[in-house]
Amino acid sequence: MSTAVQEHVETSASGQAGVPLMTITVRIRRYNPEVDAAPHWVDYQVTADPTARILDSLHKIKWEQDGSLTFRRSCAHGVCGSDAMRINGKNRLACKALVKDLNPGKPITVEPIQGLPVLKDLVVDMEPFFQAYRDVKPFLIAHGNEPTRERIQSQKDRDRFDDTTKCILCAACTTSCPVFWADGQYFGPAAIVNAHRFIFDSRDDGANERLEILNDREGVWRCRTTFNCTEACPRGIQITQAIAEVKRALITRRVI
Amino acid sequence: MAPQIHTYDTIIVGAGGAGMRAALEASKRSRTAVLTKLYPTRSHTGAAQGGMCAALANVEDDNWEWHTYDTVKGGDYLVDQDAAEIMCKEAIDAVLDLEKMGLPFSRTPEGKIDQRRFGGHTKDHGKAPVHRSCYAADRTGHMILQTLYQNCVKQEVEFYNEFYVLDLLLHEDSDGTKYAAGVVALELATGEIHIFRGKAVILATGGFGKVFKTTSNAHTLTGDGMGIVWRRGLPLEDMEFYQFHPTGLAGLGILLTEGARGEGGILRNADGERFMERYAPTIKDLAPRDIVARSMVLEVRDGRGAGPNKDYVYLDLTHLPAEQIEEKLPDITEFARTYLGVEPTTELVPVYPTAHYAMGGVPTNVSGEVLADNDTVVKGMYAAGEVACVSVHGSNRLGTNSLLDINVFGRRAGINAAEYAVGAELKPLPAEPEQAVVSMVEGLRNSTGHERVAQIRQELQTTMDQNAGVYRNDETLAQAEKDVKELQRRYRDVAVQDKGKRFNTDLLEAVELGFLLDLAEILVLGARNRTESRGAQAREDYPTRDDVNWQKHTMAYREKDGGDDGYRIRLDYKPVIVTRYQPTERKY
């Protein structure tokens, strides 16, 4: 079921002259509990610049065809974490997924991230996700007297947890995890990433508290290292590795 | 259905850097609620990249007086110098406070907070660029937003996420004194209206970059806080001063930090020439943003632009070691790769100015209190961050000073609001306090008009880009004024397709557009009225700064009188506070 590719030559959104526009089909999982008995797929034809973001196509549909299409978005360049969606079966940010990379000759499917209750169309209830985040004490715990100036931290110690400071709490990882789909009580990768960010921070004294929390039945041991989270992360965080490091710290009771 | 009523001491509207910094102070001292249109970590503070300046002197000699001088000069002498002095002095503690809260700053070899160069920040009053910007790679804003949110979680700050505040409730005593009494909010998830009564209200809603087409701002930056205040008859200050950041990704407007030039990046025209040497011989590519943005536009106008349409210039990082780029500028490198398909370590990056930051906004004093005129305080009413105009940025903000502003004045507003609230009484609510919001929302929902939100917004952004951009003149501004007026008229006939209650973002965008149209008009009128060039306001027909007539702030008031909708804008002025630095010609 390929869609005919119609070509126009115009200046593209990214300022590269001469990139031909194409007509794509975006197949969106729609659900408005105010009127729909069940979720259903709706196809939209839209003209798109292949170098543009799928978010641009969603906007074009909302602005020109159906104003009721509902999704979250804000920064539109991958730093705010609002627009994680399941696009062609993979979790991505709609503002970082370019049309040309989504096999646009065929319909591009867009559905809400999985494992969280759908509130309307692509909008899910983020509260369970943020609750798991809050549960791991995602803040610096430092005992003793505060120094008058900054705490000293070597570049090497700072680098130790750099990767996990990149998290934007978009939930792409957690909602790509089969363990989370099966068991909504599992903390999920994002919460563990944010625990890691503090456990391995040389300024922090709360590692043991957090490790105890993650030693729980619904903690790190549920991870089956399927790597879905690492693949889904729009920030390129090595999540599976971070989870493994937390597991190792639990076994050895050493944070290095 | 009667709206739900919630009662707090302090109500904070907005959960970006300023709102959350305020919340950390206010919630320690008073019963505090934070109402936010977005989940807190979605706020646009997170998009800031290059750093936060403070004269820590960790890398080289520096002091807060030099920082103050740079801020005043950078703002082209429209800065209120008492406020700038406070900001630059308190900057040092503001950075140290963030470090103690856990912010993972990049470090020097000795393990101190590292500092980098940034536009307009100099040693000893302009002698050379100075290492003053404290940073965390090129995601300093992200780390500030995350750190503040983490500390709000630690302190169990009470958030109302995805509550869109649409009205401010004021009370007026018999002697004419105005007081904050609360706000009215739309709960996006349900479409229900809520009233939040409070003794103090802090606005921290950010800017309004979406009046322009090419902008670094998020879709959600629609000037809601400024618009609410304006419609309640309070003034807005210096709205004509809107900053264009020199290095937006060409055609897209996505921000590439000035830190790229701080790390040694160079701007080049189509001939490969480092053109900033001609415009700012001493500090070249690290001149303030207004100067760099104008220079880039002139290069393009004079035919030295690059690309098939000769409409951008290049940011050159190719001479920097790849490891330095990867370590210090990883995010912007990825933006260039993702969105333009350009490899910054080996290729030149196409860039052009992008609408970035409102220097103007809701006038406040240095305590964060909102002003009803040049000096009368609205009791219990505070504002901080981009929504506010203290004015520490004057006519042109220096890079990094916004992250500083939100921390210094967010903190001040939080402390002062809570201290006021615990000693104050709740003011009575007006009869049917929700009425204005209900009629606006239901009016839009039930409208049978034929105008579309997206169409009007696109036309607004196009005329603003073309006629009120980096360079302006009376003719272009007159055109913008005419266009905005016409779009405001058409807006009255706007309709939404989504008639539902739940997560009605169609309706939300219609409301946001209303605010954008109000603010665009004030910007354009102020720009047209100000017959000089100063900072971000570059008038082709008045190319020089005129201190005799124009070293003063513009104060815009919405007054009931004539006009299509029964209102007109009156422009007035407020003197600039000068303490240490008399205006001199601005050379870099």
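Helices here are DSSP runs of H or I with at least four residues, strands are runs of E with at least two, and both are numbered from the N terminus. Keep in mind that this is a predicted model, where local features need pLDDT of at least 70, side-chain atom pairs count only at pLDDT 80 or more, and totals for chains, interfaces and linings use all residues. Residues are numbered from 1 along each chain as its sequence is written, while chains are lettered from A and ligands numbered from 1 in the order in which they are written.

Let's start with chain A. You'll find eight helices and eight strands in chain A, and its C-alpha atoms fill a box of roughly 65 × 45 × 30 Å along the principal axes. Of the 256 residues in chain A, 51% are buried. A residue counts as buried if 20 or more other C-beta atoms lie within 10 Å of its own, as exposed if 12 or fewer do, and as partly exposed in between, with the C-beta atoms placed from the backbone. Now for contacts: two residues are in contact if their C-beta atoms, placed from the backbone, lie within 7 Å. Take the contacts in chain A between residues at least 6 apart in sequence, and 65% of them join residues at least 24 apart.

Next, look at where chain A touches chain B. The contact takes 42 residues from chain A and 51 residues from chain B. On the chain A side, helix 1 (54–64), strand 7 (118–120) and helix 3 (155–160) each supply at least two residues. Sorted by class, that side of chain A has 16 nonpolar, 14 polar and twelve charged residues. For this sorting, Ala, Val, Leu, Ile, Met, Phe, Trp, Tyr, Cys and Pro count as nonpolar, Asp, Glu, Lys and Arg as charged, and the others, Gly among them, as polar.

Over in chain B, a pair of helices is worth a stop. The axes of helix 1 (residues 17–29) and helix 4 (residues 140–154) of chain B come within 9 Å and cross at roughly 30°. That makes helix 1 of chain B roughly parallel to helix 4 of chain B. Axes are lines fitted to C-alpha atoms, for helices over the stretch in contact, and angles run from 0 to 180 degrees between N-to-C directions. Angles under 35 degrees count as roughly parallel, over 145 as roughly antiparallel, 65 to 115 as roughly perpendicular, and the rest as oblique. Where the two helices meet, B:Gly17, B:Met20, B:Arg21, B:Ala23 and B:Leu24 of helix 1 touch residues of helix 4 including B:Ile144, B:Leu148 and B:Cys152. By class, this contact of helix 1 with helix 4 in chain B has eight nonpolar, two polar and one charged residues.

Now for the sheets. Strands of a sheet pair through backbone hydrogen bonds, either parallel or antiparallel. Two strands are called paired if DSSP finds at least two bridges between them. One open sheet in chain B has three strands in the order 3-5-4, with antiparallel pairing. Strand 3 (52–53) and strand 4 (115–123) of chain B are its edge strands, each pairing on one side only. Strand 4 of chain B runs antiparallel to strand 5 (residues 128–134) of chain B, and five bridges link them. B:Lys123, for instance, has B:Ala128 in strand 5 of chain B as its bridge partner. In the loop between strand 4 and strand 5 of chain B sits B:Asp124. Phi of B:Asp124 is near 45°, a positive value in a residue other than glycine. B:Asp124 counts as partly exposed because it has 13 C-beta neighbours inside 10 Å.

B:Tyr77 also has a positive phi without being glycine, near 65°. B:Tyr77 lies in the loop between helix 2 (64–74) and helix 3 (81–101) of chain B, and its 22 C-beta neighbours inside 10 Å are why B:Tyr77 counts as buried.

Another open sheet of chain B has four strands in the order 11-14-13-12, again with antiparallel pairing. Strand 11 (242–249) and strand 12 (266–268) of chain B each have a single partner strand, so one side of each is left without a neighbour in the sheet. Even so, strand 11 of chain B is mostly covered, with eight of its eight residues buried. Six bridges join strand 11 of chain B to the antiparallel strand 14 (residues 349–358) of chain B, and B:Phe244 stands opposite B:Ala355 in strand 14 of chain B.
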